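Biologist: Please take me through the labels used for this model, and set each one against its definition.

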Amino acid sequence: RIERASDGQSRTMSGSAALGAILEKITSHDKDFRYMGTSDLLAELSKDTFRATPDVEKKVTDVVLKQLDDQSADVSSLAVKCIPPLVKGASEKTAETVIDAL
């Protein structure tokens, strides 16, 4: 099923729900859940079909930037791998936010 976002972009409902579950894993206190969530996020961001609304894009960007400072080196190294696909498909404003944070 396709949902038309307020900005005119379309996205799959299942993709939106999956992203919510991924973001929930990433905010877990358990480093294994954070690792799995970050790995899942990398897989989603790497898909050619991945598109996000501006609100979702901001949430994902904030989470990835926070993960860069994760106490688990495995999680933070995966977060580093999330940056190229995130910036590639992001708005100019989001790309600037990521660059400034680095």
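**Labels and their cut-offs**

Modeller: Phe-33, Tyr-35 and Met-36 form a nonpolar surface patch of about 280 Å². This is a predicted model, in which local features need pLDDT of at least 70 and side-chain atom pairs count only at pLDDT 80 or more, while totals for chains, interfaces and linings use all residues. Residues are numbered from 1 along each chain as its sequence is written, and side-chain values use heavy atoms, with hydrogens and water left out.

Biologist: Why is Met-36 called partly exposed?

Modeller: Buried means under 20% relative accessible area and exposed over 50%, with partly exposed in between (1.4 Å probe, protein chains only). Met-36, placed in helix 2 (residues 31–46), has 37% relative accessibility and therefore counts as partly exposed.

Biologist: What makes Glu-44 buried?

Modeller: The relative accessible area of Glu-44 is 16%, so Glu-44 is buried. Glu-44 also lies in helix 2, and its side chain makes a polar contact (a pair of N or O atoms within 3.5 Å; within protein, one must be able to donate a hydrogen and the other to accept it, and residues adjacent in sequence count only if both atoms are side-chain atoms) with the side chain of Lys-47 at 2.9 Å.

Biologist: How do you know that Asp-70 is buried?

Modeller: Asp-70, in the loop between helix 3 and helix 4 (73–88), has a relative accessible area of 14% and is therefore buried. The side chain of Asp-70 reaches the backbone nitrogen of Ser-72 at 2.8 Å.

Terms used. Patches are made of residues with over 30% relative accessible area and no salt bridge: like charges are joined within 9 Å, nonpolar side chains (Val, Leu, Ile, Met, Phe, Trp, Tyr) within 5 Å. Accessible areas come from the Shrake-Rupley method with a 1.4 Å probe; for residues, only the protein chains shown count as cover. A salt bridge is a side-chain nitrogen of Lys or Arg within 4 Å of a carboxyl oxygen of Asp or Glu. Helices (H or I, at least four residues) and strands (E, at least two) are DSSP runs, numbered from the N terminus.
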